[in-house]
Amino acid sequence: MRNLIIAFLFFLPSLAFSQSFKTESGEAIFLSKAPLNEFTGESEKLKGLIDLEKNLVDFYLDLNTLKTGIGLRDRHMRENYLETDKFPFAEFTGKMKSIPALNTGTTYPVAVVGKFKIHGIERNVEITGNLQKTSSGNLELKAKFDILLGDYEIPLPKLVFYELAEKQEVSINATLKPKK
């Protein structure tokens, strides 16, 4: 019996890595800091998965859910720049450089390498952030990364009213629940 308990305790840490977590309502925010105009776009429709056993990180966002607070700007952003009728999603798929132990209540820095795709263009990126396992068994993810619009062939508006920075600062906040 004692050997069985020892074997179970030895196997227990690997159970933590066999879990998969998902979110249907994460938050994605972009910040555009142009010289004459600074604004954010936000969506609470980020969907994603973190599978610790497979070391898979996979997130996507319907770009039509982004809101900047000005309806006309939102429409022009979707129609003229993001072209969401042809390219409705931003997507990221990657792997963590190392999988943290995820002890409850401890925040771990993580780095994920993978492919980010927007506007029909896919690029290799590294995204850094923090991951924490809560007492309820959820994962809390906070990450930030920058994208250059030119890298994804997204044109910059010519009108000052719609001034947009070449560099967009992207933040992600998500609570991922154990997938059942």
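In what sense do E5 and E6 pair, and over how many bridges? The legends below take up that pairing first; the model is predicted.

**View 1. Strands E5 and E6 form an antiparallel pair.**
The pairing of E5 and E6 is antiparallel and runs over 12 bridges. Phe 116 has Arg 123 of E6 as its bridge partner. The hairpin of E5 and E6 leaves 2 residues between the strands. In that hairpin, His 119 adopts a positive phi near 60 degrees.

**View 2. Strand E6 also pairs with E7.**
Here too the sense is antiparallel, and 6 bridges are formed. Lys 133 finds its bridge partner in E7, at Leu 139. The hairpin of E6 and E7 holds 5 residues between the strands. Gly 137, in this hairpin, has a positive phi near 90 degrees.

**View 3. Phe 116, Phe 145 and Tyr 152 make up one aromatic cluster.**
Across the whole structure, 4 aromatic pairs are found. One of them sets Tyr 60 against Phe 89, with ring centres 5.7 Å apart and planes at 80 degrees, so this pair is edge-to-face. Tyr 60 belongs to strand E3 (residues 56-62) and Phe 89 to strand E4 (residues 89-96). The two are 29 residues apart, and their pair links distant parts of the chain. Tyr 60 is partly exposed, at 37% relative accessibility. Phe 89 is partly exposed as well, with a relative accessible area of 35%.
Phe 116 lies in strand E5, while Tyr 152 lies in the loop between strand E7 (139-148) and strand E8 (167-178). This pair links distant parts of the chain, 36 residues apart. Phe 116 has 6% relative accessibility; that is under 20%, so the residue counts as buried. Tyr 152 is buried too, with a relative accessible area of 3%.

**View 4. The largest nonpolar core has 41 residues.**
In soluble globular proteins, nonpolar side chains tend to be buried together. Phe 116 and Tyr 152 return here, among the residues with the most contacts inside the core. Ile 50, Met 96, Ile 118, Leu 131 and Leu 176 are also in that group. What does Leu 176 contact, leaving aside its neighbours within four places in sequence? Its contacts include Phe 21, Lys 22 and Thr 23. Gly 48, Leu 49 and Ile 50 are in contact with Leu 176 too. Phe 59, Asn 138, Leu 139 and Leu 141 complete the list.

Which residues of H2 are buried? They are Arg 73, Asp 74, His 76, Met 77, Arg 78, Tyr 81 and Leu 82. Arg 73 places its charged end over the ring of Phe 39, 3.9 Å from the ring centre. Just after the helix, Glu 83 takes a positive phi of about 50 degrees.

**View 5. Glu 83 forms a salt bridge with Lys 86.**
The closest N and O atoms of Glu 83 and Lys 86 are 3.2 Å apart. Lys 86 has 54% relative accessibility and counts as exposed.

**View 6. A salt bridge joins Lys 47 to Glu 24.**
The structure has 5 salt bridges. In this one, the N to O distance is 3.2 Å. Lys 47 lies in strand E2 and Glu 24 in strand E1, so the pair ties together parts 23 residues apart in sequence. Lys 47 is partly exposed, at 24% relative accessibility. Glu 24 is also partly exposed, with a relative accessible area of 44%.

**View 7. Glu 126 and Lys 97 form a salt bridge.**
Their closest N and O atoms are 3.1 Å apart. Glu 126 sits in strand E6 (residues 121-133), and Lys 97 in the loop between E4 and E5. The pair links distant parts of the chain, 29 residues apart. Glu 126 is partly exposed, at 42% relative accessibility. Lys 97 is exposed, with a relative accessible area of 55%.

Key. Residues are numbered from 1 along each chain as its sequence is written. This is a predicted model: local features need pLDDT of at least 70, side-chain atom pairs count only at pLDDT 80 or more; totals for chains, interfaces and linings use all residues. Side-chain values use heavy atoms; hydrogens and water are left out. Buried means under 20% relative accessible area, exposed over 50%, partly exposed in between (1.4 Å probe, protein chains only). Helices (H or I, at least four residues) and strands (E, at least two) are DSSP runs, numbered from the N terminus. Rings of Phe, Tyr and Trp (its six-membered ring) pair if their centres lie within 6.5 Å; planes under 30 degrees apart count as stacked, over 60 as edge-to-face and the rest as tilted. A charge sits over a ring if NZ of Lys or CZ of Arg is within 6 Å of the ring centre and within 35 degrees of the ring normal. A salt bridge is a side-chain nitrogen of Lys or Arg within 4 Å of a carboxyl oxygen of Asp or Glu. A nonpolar core is a set of buried Ala, Val, Leu, Ile, Met, Phe, Trp, Tyr and Cys residues joined through side-chain atoms within 4.5 Å. Contact means heavy atoms within 4.5 Å. Two strands pair if DSSP finds at least two bridges between them.
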